[in-house]
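Trainee: Before we look at anything in detail, could you show me how to read the features of a model one by one, with the general idea placed before the particular case?

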Amino acid sequence: MKKHIATVALTLLVVGLTVSNAVAQKSRRPTRNAPQNRMNTANSKSVLLPNRSPLVSFRILFMTGSANDPKGKEGLASLTAALLAEGGTRTKTYAQITDAMYPMATSFSWQVDKEMTVFSGTTHVDNLEKYYSLIREILLDPGFRDDDFQRLKEDAINYLKTSLRGGNDEELGKEVLYTMIYPATHPYGHQNMGTVGALQALTLKDVRDFYQANYSRANLVIGLAGGYPADFAKRVEADFGKLPAGSLNRDAAPLSQPRLAPGTQIEIVQRETRSTALSLGFPIDVTRAQKDWPALAVAASYFGQHRSSNSYLYQRLREARGLNYGDYAYIEYFPRGMFQFQPDANLGRKLQIFQIWIRPVEPQNGYFVLRAALYEYDKLVREGMSPEAFESTREFLSKYVNVLTATQDDQLGYSLDSRYYGIKDFPTYMREQLAKLTLADVNRAIKQYLKSDAMRIAIVTKDANGLRDAILNNKPSPITYNAPKPKEITDEDKVIENYKIVVKPADVTVVSADKVFQ
Amino acid sequence: MKLLFVVSLILCVPLLALGQTARKAFAYDYTVDDLPNGLRLITIPTDYPNLVALYIVVQTGSRNEIEKGKSGYAHLFEHLMFRGSEHYTGQQRDQILKKAGADANAYTDDDRTVYHEVFSKDDLDRILELEADRFQSLKYDSAGYKTETRAVLGEFNKNSSDPEEKALEVLRATAYKQHTYAHTTMGFIEDIEDMPNQFDYSWEFYRRYYRPEYTTIVVVGDVNHEAVLSSVKKHFGRWQRGNYAPDIPSEPEQNEPREAHVDWPSDTLPVLYVAFRGPAYSDEEKDPPALDLLSAIAFGENSDLYQKLVLEEQKLDSLSPIYQDHRDPELFVVDAKLKDVKDLDYVKQQILDTYKRYTKELVPQAKLDSTRSRMRYSFALSMNSSEAIAGVLASYIGLRRTPDTINKLYSVYDSITPEDIRKAAAKYFVDKHRTIVTLTTKKEVAK
């Protein structure tokens, strides 16, 4: 493996050192060898964030993912990663690996998205050698055992069939929205875990072939953070240098957003459920790599900061009306949002969508809430943000970035993503960009990117046909409350309950839950 | 999709024995300041830049709800504290927190109520001022109060759709006859329904417990101790000490095994709780840490019983021990979710046999060592940010008001022998101190 230059990203390092020195005099913790002061450059194959923590975090990233699943083998990237992280190696069974991890209280996780596959784990530095020897073996000397393969294939199928279709209406709605936007022919056009049919046909040979082709030096980025010894990173790089050279996946096939047919389209997933979950969205031509991303980040945070009671949609739908648990908006993929407050790192994508997530509402309010979401979205595009909202949101985001990068594992994840997008370390990038931003920038970006004539809407509900009928006939959807509401709200409700959704009958489809991701 | 390893237990790796005893489990430097009014401040500067985690721990939980008909008020108060105060409305409060980039929330437990925020270091003084205002000058009117009691009822209703929640409620009510642990943090439903009529009592609760002598402020992060202390003195210095001490009833001796059953109105997997009376938290006595280690060894994911009932025979959907640190004697519970109701007696017997087994048999030293190692590393790995450190600390502050209890506790863990575990099991797992609760689908509903 080629030796990389030890270049320092100044901002991060200076902050890190100042703090360390200030505390060092008081600390009773044992001091360690001075760590090497290196950070990545865009060309480096590693992202290194040494510090004095007693913990060491690994993020071993491969630039491959479900977008690289061969046609007809949807789910192969995920199954390959699962088999590595949750299967045996050539010399150890999976049970032996988990047994070895037990006294260290460690684990090794995998995550597959469209373009990225990441393996991550954190160990106490006491156990670094032992832990590293395990994960090195897991990634470099896999066992590809048939019993592990059968078990994990079944897990993947059960995830699609049971967990997603049958146990999580919210995630189901969000994932269906993506399949509405990206057709099956698009590299993004299937769920990361695959499809039930394709998974059933996968063989162990498929997994071996995928590993050979994708787990290469060209696709590899090593991420390390924490109090590891001075020569450790070099050893890791040398070990992983034994992977085949390969060629970089991200350069292989250019990705572009699909050209969606104009007009609103609605897919209603029918399943036995107590409530109604809604997701709305469309593709946007902005990622962190584009200069308008911070402007859109402000708009999305103002409109629907994830799990925050301070955002506009939440205030209107939950606080003022008590319709559900929360209502949010996104400009990046954010899976598992019902389980976590902050997004996971290493879900970098060249193509993103704008998304509105309405958490489950009582079925009788489903149509009203759909109208309310569209009403508020139209209002956002029409009116943009006020100066006060702009200032407070900008201030929030420039500080909230610290919360997003609170742990060294978070910092490592964000640094890997910054490398992917070709921007500075994330907190610096955000603070600098937000400082330069004006209200005019944000309102222009809203008009430019968030105005769409191709809204896609995914709904999960029990009475799918009844809802379809109501939408197509533009039936009024009056709402009642169990407590009196201010006139401002009831007046607005009168507008919302008749808010017209223009959609052709052919564009409102009903599908049974057991047919999705088939 | 992200999946974690499920780990299983085998041989010990005794390499830790030396290193462990030398290093403190809670290795951070901290300062404890006691204000004249009884308020305690614990400050922990860390290497994590820019952020501050502020945890305000009130040593009041459902344990303090001693009057008949008044359960659930600690939790109700956790809600009321967000409705505004003398100088800030709820909305103004939201705006200040937004400008600080803050993540803010609160929770209630049996022994404590915890209010927590994480935000940028520059906003510490402002947020301490905001917190001081609600702790000293909370404001809500009768209408606002009633609205919030409905929200609490809504939360009870949401939880009540969970059969395990219901089984736990019945377990507590069956096992405790006098002590306030008889009710869950939510409270008894009849008390929750009566809350709208108890506006005046709610203020009584606030006057009793929202006092400096019950409260510990924990500040962790990119902070300077002097500055924190000065802000806390400025904003909390005038807070008046109270004079109320609750008389928590002690639970009388249990002289017979108890059982209770719940008929669940819809389809559910059968739930089984097998519990024995255990000891209260202690950082000096051997029994609580010995039972804690045993809970993982006997009933955790690496236990023989788990391997047998969950993985090999596949009779169980899940099996886990519940034995949490409490100020007063707490139950040691094994929680099993079955796949089929026909296995209920078999599984119950297997669990009881396992309890009995460890009253006679010694745990292998190797198993004890690897479990102790796992516990210690798991604790170290959990403290990976200022917020995580404060969060971990909050539960110990609720018990003993000082971080020192953690290191005392871990040195007791280090001293536990297989014989200590056997002795603790023999002392606590006696039939007359047993309570079993089952929950199954009502016969008419069962398919």
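Trainee: What percentage of the 518 residues in chain A do buried residues make up?

Mentor: This is a predicted model, in which local features need pLDDT of at least 70 and side-chain atom pairs count only at pLDDT 80 or more, while totals for chains, interfaces and linings use all residues. Residues are numbered from 1 along each chain as its sequence is written, and chains are lettered from A and ligands numbered from 1 in the order in which they are written. A residue is buried if 20 or more other C-beta atoms lie within 10 Å of its own, exposed if 12 or fewer, and partly exposed in between, with C-beta atoms placed from the backbone. By that count, buried residues make up 52% of the 518 residues in chain A.

Trainee: How many helices and strands are there in chain A?

Mentor: Helices (H or I, at least four residues) and strands (E, at least two) are DSSP runs, numbered from the N terminus; chain A has 19 helices and 11 strands.

Trainee: What is the strand order of the open sheet of five strands in chain A?

Mentor: Strands of a sheet pair through backbone hydrogen bonds, either parallel or antiparallel, and here two strands count as paired if DSSP finds at least two bridges between them. The open sheet in chain A has the order β1-β5-β2-β4-β3, with mixed pairing. At its edges stand β1 (46-50) and β3 (109-112) of chain A, each with a single partner strand, so one side of each is left without a neighbour in the sheet. From one strand to the next the twist averages 10°. Between β1(A) and β5(A) (residues 220-226), which run parallel, there are five bridges, and A:Leu48 stands opposite A:Leu224 in β5(A).

Trainee: Which strands of chain A does helix α15 (residues 408-421) of chain A lie across?

Mentor: Axes are lines fitted to C-alpha atoms, for helices over the stretch in contact, and angles run from 0 to 180 degrees between N-to-C directions. Helix α15(A) lies across β1, β2, β4 and β5 of chain A, running at about 150° to β5(A).

Trainee: At what angle do helices α14 and α16 of chain A pack?

Mentor: Helix α14 (residues 387-404) and helix α16 (residues 426-436) of chain A pack at an angle of about 170°, with their axes 9 Å apart. Angles under 35 degrees count as roughly parallel, over 145 as roughly antiparallel, 65 to 115 as roughly perpendicular and the rest as oblique, so α14(A) is roughly antiparallel to α16(A). Two residues are in contact if their C-beta atoms, placed from the backbone, lie within 7 Å; among those making the contact are A:Leu397 and A:Val401 of α14(A) and A:Met430 and A:Leu434 of α16(A).

Trainee: Which residues of helix α8 (residues 199-209) of chain B are buried?

Mentor: An α-helix has 3.6 residues a turn, so residues three or four places apart point the same way. In α8(B) the buried residues are B:Ser202, B:Phe205 and B:Tyr209. Seen down the helix axis they fall within an arc of 55° (the arc of the directions from the axis to the C-beta atoms), so they line one face of α8(B). On the other side of α8(B), B:Asp200 and B:Arg207 are exposed.

Trainee: How many of the seven residues of strand β8 (residues 271-277) of chain B are buried?

Mentor: In a regular strand the side chains alternate between the two faces of the sheet. Seven of the seven residues of β8(B) are buried: B:Val271, B:Tyr273, B:Ala275 and B:Arg277 point one way, and B:Leu272, B:Val274 and B:Phe276 the other way. Strand β8(B) pairs with β10(B) (residues 331-338) in the antiparallel sense over seven bridges, and six bridges join β8(B) to β11(B) (residues 434-441), also antiparallel. B:Ala275 stands opposite B:Val333 in β10(B) and has B:Thr435 as its bridge partner in β11(B).
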